[in-house]
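Dear colleague,

Please find the structure below, with my notes on what was found in it following directly after. I would be glad if you read the two side by side.

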Amino acid sequence: MKLYDIAHSRAGDKGNISTLSLIPYDENDYEMLCQKVTVENVKKHMKGIVSGEIVRYEMPNISSLLFVCQDALAGGVTTSLRIDTHGKALSYALLEMEI
Amino acid sequence: MKQKIRIGCGAGFSGDRIEPAIVLAEKGELDYLVLECLAERTIALANKRKIQDPTKGYDPLLERRIETLLPHLVKNNIRLITNMGAANPIEGAKKIIEIAQKQGLKVKIAAVSGDDVISDFRLGNDDFVKFGNEDFTLELIEKHQFPVTNNKSTIISANAYLGIEGILEALEADAQIIITGRVADPSLFLAPMIHEFGWKTDDYDLLGKGTVIGHLMECAGQITGGYFADPIKKPIENMENLGHPFADVFPEGSAVISKVEETGGIINLQTAKEQLLYEVINPNEYYTPDVIADFTSVKLEEIGKNQIKVTGGGGKTKPETYKVSVGYKAFWQGEGEISYAGSSALERAKLAGETIEKRLKSQFEEIQVDYIGQNSIFPNSELQYQNSEVRLRVATKAQTQAEATLIGEEVEALYTNGPAGGGGVRKYVNEVIGIVSVLVDRDKVKPIVAYFESL
């Protein structure tokens, strides 16, 4: 199944960094997401979009994960030539991931 | 001391809708209304307007927002805190006075500036240190002739993210309206909490808790279903009438976030979690000028329909430096678009894109070719689908306006020189203002507060 089926996500931007949250609809799925949605898997999935390092923060207090992706916005929000300079839609790229 | 204050957030960016703030001021039973209207680049664009006309440089929607809001604020005794001062809080304050006079209303206004580190403190090259690994920023500043920003200079703005201090001073002086330049977004909310509850400004645990609440509120509609709705998985009712949030904040640093009844949208665990993590680079250490906040101990609880209780969070000592956003003239962006549809739409769009690339690659270092409907949003990725219509977009960085114009002209020429059935050309040329960040020592910058009264 796709992450989209069991979780939601919001993209945020800071300079050339994209932040992607991953929030399961059912908090019981949090542990499973921690196991399956590893940095390695996300890196592979976001190839071509994210060129830099990815750091994953586990947030058991709200049963959510946060992926902080470096070099994800083609140089940064203000000087990128991409059509979606902020990467607002990148949350839906993450949710396309099959698990 | 009050046992509860209610703070509403009626705007989350410069271009936000006007009427949610009016609904809050009219029916929200607020103590404070915050309008957050400054994105990263907004202030640089505002400074460009100020360089051309010294009486401008505040938010372009200020007049429309204030004219409609002011009678409600005065009638319901609500204090307004807003960063609509942008590059010129003092002229913004004078404009509000002018509106109040016209409406026959008595108000005291405070303008908080001091964030414009070039004009206000004449800071120069040696005062800044690198933020992150952006060597480029220091090179940019090195080349700039401080302390002047004018039409010819590459740097057009340098604004420090100030904290609570200037707003606190204005609150203590009984200003009903506080209009600031660049202030960190959560500080707009934290200042009234400190003022009303008598929190100590070095009680970093409480400051961290208040910052969490401010962060949840600062994007207005983003916690009530905006930037959230998905008709399949996250349906939201009545989006055309989206309500903006208010927070009932309590002296021990907790809050209940809700919205005016009968407005559209929703506040639930899902919207609150998405917003808590929005634009957070490190949830253990969320830097603001007031505190380094901890988001990993925040608890969110749904206690009723459209009611989220926020408890926990914390913080440690504020940073020694202010972050400064530097706006500079980066380049001219030229763009052109053309559409293809039906059988072989993608193949024809690609032929068009390749044709443009071949013709222009000797002149431009960077050419972005997107196939909208195919790969423009998830570039270079395998996440692609077949569509019955495709729009080619070509964009480049140019040194001059004239050079940038070439892109649109080339795309337009595809009508008669390119693949079959290309239609709907649009051309754009824009000057792009880039933003980079540096750090400056705290003691080199301090807020400047000026007061104005109507009648």
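Glu412(B) lies in helix α12 (residues 401-412) of chain B, where helices (H or I, at least four residues) and strands (E, at least two) are DSSP runs numbered from the N terminus. Please bear in mind that this is a predicted model, in which local features need pLDDT of at least 70 and side-chain atom pairs count only at pLDDT 80 or more, while totals for chains, interfaces and linings use all residues. Residues are numbered from 1 along each chain as its sequence is written, and chains are lettered from A and ligands numbered from 1 in the order in which they are written.

Glu412(B) is partly exposed because 18 other C-beta atoms lie within 10 Å; a residue is buried if 20 or more other C-beta atoms lie within 10 Å of its own, exposed if 12 or fewer, and partly exposed in between, with C-beta atoms placed from the backbone. Not counting residues up to four places away in sequence, Glu412(B) touches Gly336(B), Val425(B) and Lys427(B), contact being taken as C-beta atoms, placed from the backbone, that lie within 7 Å. From Glu412(B) to Gly422(B) there are ten residues in sequence and 9.6 Å in space, C-alpha to C-alpha.

Next, helix α4 of chain B. The 15 residues of α4(B) (residues 89-103) should span 21 Å at 1.5 Å a residue, and the end C-alpha atoms are 21 Å apart, which agrees; the expected span is 1.5 Å times one less than the number of residues. Its buried residues, among them Pro89(B), Glu91(B) and Ile96(B), pack against α3 (62-75), β4 (108-113), β7 (177-180) and β17 (448-453) of chain B. Just after α4(B), Gly104(B) takes a positive phi of about 65°.

The axes of α3(B) and α4(B) come within 10 Å and cross at roughly 45°, where axes are lines fitted to C-alpha atoms, for helices over the stretch in contact, and angles run from 0 to 180 degrees between N-to-C directions. The two helices α3(B) and α4(B) are therefore oblique to each other, given that angles under 35 degrees count as roughly parallel, over 145 as roughly antiparallel, 65 to 115 as roughly perpendicular and the rest as oblique. The contact is made by residues including Leu62(B), Ile66(B) and Leu70(B) of α3(B) and Gly92(B), Ile96(B) and Gln103(B) of α4(B).

Helix α8 (residues 185-197) of chain B is mostly covered, with ten of its 13 residues buried, and what covers the buried residues of α8(B) includes β1 (5-11), β2 (32-35), β3 (79-82), α7 (165-172), α9 (204-217) and β8 (245-249) of chain B. The axes of α7(B) and α8(B) come within 9 Å and cross at roughly 45°, so α7(B) and α8(B) are oblique to each other. This contact is made by Ile167(B), Leu168(B), Leu171(B) and Glu172(B) of α7(B) and Ser187(B), Ala191(B), Pro192(B), Ile194(B) and His195(B) of α8(B). Just after α8(B), Gly198(B) takes a positive phi of about 65°.

Finally, the interface: 29 residues of chain A are in contact with 39 residues of chain B. On the side of chain A that touches chain B, β2 (11-14), β3 (17-24), β4 (54-59) and β5 (64-69) of chain A give two or more residues, and β3(A) gives the most, with four residues.

With best regards

Methods. Contact = placed C-beta atoms within 7 Å.
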